[in-house]
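Reader: Could you take me through this structure step by step? I would like to begin with the ligand.

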Amino acid sequence: MILQTKQLTKQFGGLVAVKNVDFNIEKRKVNAIIGPNGAGKSTFFNLISGVHRPSSGQILYKGEDITHLPANKVAELGLARTFQTTNLFEMATVFDNVVVGHRLRTRSNFFDAIFRTKRLKEEEERCKQKALEVLKFTELSHIGHQLVANISQEEKKRVAFALALATEPEIVFLDEPTAGVNPDETESLAYLIKKMVNQGITVCLIEHKMRMIMDLADRIMVLNYGEKLAEGTPSEINKNEEVIRAYLGGSGASA
Ligand SMILES: Nc1ncnc2c1ncn2[C@@H]1O[C@H](COP(=O)(O)OP(=O)(O)OP(=O)(O)O)[C@@H](O)[C@H]1O
């Protein structure tokens, strides 16, 4: 286990969006979070990636308490999350979008920028090398020079992955990585997710596409009204009576 939540809770006014959730993210596995709309998945994600502060409970990363760390510190520890593709710079190239990702790992400051110091030049070079490496990994090298505005939705998803990978993460959090793409593209993004895990990266994702999740995930947690309803392997979840009642509507993983 690489990350653990203990009794994690988030309240928005009177609404408890996440309630006493105990969850373990297994290292080098695909850990999925599913649940109906409004179940608290995004809120849970935002809690573990430092975007929201928990109301109570604990988050441990490799045994270290990171419950109250801000998002930038959480990212520095090796937890990266993808945002919606709308967070990309549309009028910049794919390459330039990805170069930004590795900036997290650099130290040059305003002084270095003004005087174009050796440190700045070396770090710029490292950012470029990293960008080239992750573009190759995500199979985007051939469109590195294109503006993000001109590429397909599936390619934008890959750019979002590449941006996260450029931060050299240990865990990547993917929020609905295949939303808005067709079945063939979904399959090729699932392949890319498996490739990340084979490289030693831990993946935690939210996804609505049940069939994809059942094929891809090693472990699944089901949230319902902010609470953990079930946790287990895809086949355990698929057979779980409570899950079928609350979420799958009696139709199994056919969605
Ligand atoms: N910033 C916020 N302020 C107030 N309420 C919020 C906030 N964010 C989420 N909520 C509420 O918390 C509950 C859980 O929302 P959340 O977005 O985490 O669910 P979700 O499972 O990700 O849903 P979906 O699948 O529709 O994205 C919802 O009732 C939502 O309205």
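**Around the ligand**

Author: The shell around the ligand consists of Phe12, Leu15, Ala17, Gly35, Asn37, Gly38, Ala39, Gly40, Lys41, Ser42 and Thr43; a residue is near a molecule if its C-beta atom, placed from the backbone, lies within 6 Å of it. This is a predicted model, in which local features need pLDDT of at least 70, side-chain atom pairs count only at pLDDT 80 or more, and totals for chains, interfaces and linings use all residues. Residues are numbered from 1 along each chain as its sequence is written.

Reader: Which elements give two or more residues to that shell?

Author: They are β2 (15-25) and α1 (41-48). α1 gives the most, with 3 residues. Helices (H or I, at least four residues) and strands (E, at least two) are DSSP runs, numbered from the N terminus.

Reader: How do the residues of the shell divide into nonpolar, polar and charged?

Author: There are 4 nonpolar, 6 polar and 1 charged. Here Ala, Val, Leu, Ile, Met, Phe, Trp, Tyr, Cys and Pro count as nonpolar, Asp, Glu, Lys and Arg as charged, and the others, Gly among them, as polar.

Reader: Let us turn to the sheet. In what order do the strands come?

Author: The open sheet has 4 strands in the order β2-β1-β4-β5, with antiparallel pairing. Its edge strands are β2 and β5 (64-65), each of which pairs on one side only. Two strands pair if DSSP finds at least two bridges between them.

Reader: How many bridges join β4 to β5?

Author: Strand β4 (residues 56-61) is joined to β5 by 2 bridges, and the two run antiparallel. Leucine 60 stands opposite aspartate 65 in β5. β4 and β5 form a hairpin with 2 residues between them, and lysine 62 in the turn has a positive phi of about 50 degrees.

Reader: And how many bridges are there between β1 and β4?

Author: Strand β1 (residues 3-12) pairs with β4 over 5 bridges, in the antiparallel sense. Lysine 6 in this case stands opposite glutamine 58 in β4.

Reader: Why is leucine 69 classed as partly exposed?

Author: Leucine 69 is partly exposed because 18 other C-beta atoms lie within 10 Å. A residue is buried if 20 or more other C-beta atoms lie within 10 Å of its own, exposed if 12 or fewer, and partly exposed in between, with C-beta atoms placed from the backbone. Leaving aside neighbours within four places in sequence, leucine 69 is in contact with Gly50 and Val74; contact requires C-beta atoms, placed from the backbone, within 7 Å.

Reader: Now the core, please. Which residues touch the most other members?

Author: Of the 63 residues in the largest nonpolar core, they are Val98, Ala162, Val172 and Val203. Helix α6 (residues 153-165) supplies the largest share, 7 residues. Such a core is a set of buried Ala, Val, Leu, Ile, Met, Phe, Trp, Tyr and Cys residues joined through C-beta atoms within 7 Å.

Reader: How is the chain divided into domains?

Author: There is domain 1 (1-78 + 171-192 + 201-255) and domain 2 (88-168); the bounds come from an automatic or database domain assignment. Their contact takes 9 residues from domain 1 and 9 residues from domain 2. On the side of domain 1 that touches domain 2, α7 gives the most, with 3 residues.

Methods. Two residues are in contact if their C-beta atoms, placed from the backbone, lie within 7 Å.
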